[in-house]
Amino acid sequence: MKDNVLKWIVMTGTALCIYMALHLHAGDSPKVGGRAPMVSGKNQNGTPWSLEQALTKSAVLLYFYPKDDTPGCTKQACGLRDRIGDLKKEGIQVIGVSRDTEASHRAFISKFNLNFDLLADVDGKITAAYGAEFPGRDTLSRRVSFLIRKDGTVAHVTDTMKAETHLEEMKDAAAKLK
């Protein structure tokens with residue numbers, strides 16, 4: 001009996017530590033109703049992009065992901081690619097952000113025919129502004145998405161490693177945006 005209780009305490013403690021490590025930076029992320037940080041960067045072609053400028057034209061789905069051409073990131077990117085028509089009808093521009101290089105982004109876009117820009121956040125400034133750091137991996141962003149209204153406020157946040165959840169939640173949030 002004592003051994004089972006001890007095992008349960010150790011397992012619960014371990015699970016709690018893992019959960020806290022994965023969500024350590026979540027408190028630094030913009031919250032629903034709060035102001036989105038007005039970041040800027042360069043896309044896959046080296047073309048400057050700024051959130052402030054983009055919001056003069058449309059709402060923005062700014063999504064962070066760990067790594068180009070990996071299973072979950074590809075699933076999410078291709079899901080957004082396939083839904084881009086509906087998102088544009090809702091007045092939403094999609095922008096992906098990872099710590100990968102412009103060249104890596106170009107290859108990822110080409111390989112999967114992605115129809116939106118990817119920002120190359122190699123120095124991590126955009127990732128840090130959104131609290132999207134991947135705990136313990138300073139060269140990766142974690143999977144977190146922000147739907148930002150034209151007025152610069154955050155309409156919805158999805159913060160989970162499950163690509164499917166991002167696609168489902170953002171579809172629902174986009175429909176409610178207007």
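In which sense do β4 and strand β5 (residues 117-120) pair, and over how many bridges? The pairing is parallel, over 4 bridges; two strands count as paired if DSSP finds at least two bridges between them. Helices (H or I, at least four residues) and strands (E, at least two) are DSSP runs, numbered from the N terminus.

A word on the ground rules: this is a predicted model, where local features need pLDDT of at least 70 and side-chain atom pairs count only at pLDDT 80 or more, while totals for chains, interfaces and linings use all residues. Residues are numbered from 1 along each chain as its sequence is written, and side-chain values use heavy atoms, with hydrogens and water left out.

**Around β4**

| Strands | Sense | Bridges | Opposite residues |
|---|---|---|---|
| β3 and β4 | parallel | 6 bridges | valine 60 and glutamine 93 |

β4 is mostly covered, with 6 of its 7 residues buried; buried means under 20% relative accessible area, exposed over 50% and partly exposed in between (1.4 Å probe, protein chains only). β3, α3 and β4 make a right-handed β-α-β unit, and β4, α4 and β5 make a right-handed β-α-β unit too. Right-handed here means that, with the strands pointing away from the viewer, the path from the first strand over the helix to the second runs clockwise.

**The sheet**

The open sheet has 5 strands in the order β5-β4-β3-β8-β9, with mixed pairing. β5 and β9 (154-159) stand at the edges with a single partner strand each, so one side of each has no neighbour in the sheet. From one strand to the next, the twist averages 20 degrees. α4 packs on the sheet and touches β4 and β5, its direction making about 160 degrees with that of β5. α6 also packs on the sheet, touching β3, β4, β8 and β9, and its direction makes about 165 degrees with that of β9. Contact means heavy atoms within 4.5 Å; axes are lines fitted to C-alpha atoms, for helices over the stretch in contact, and angles run from 0 to 180 degrees between N-to-C directions.

**Helix α3**

The buried residues of α3 include Cys73, Leu80, Ile84 and Leu87. Among the elements that cover them are β3 (59-64), β4 (92-98) and α6 (163-176). α3 bends by about 60 degrees at arginine 83, the bend being the angle between axes fitted to the seven residues ending there and the seven starting there. Glycine 91, with a positive phi near 75 degrees, follows α3.
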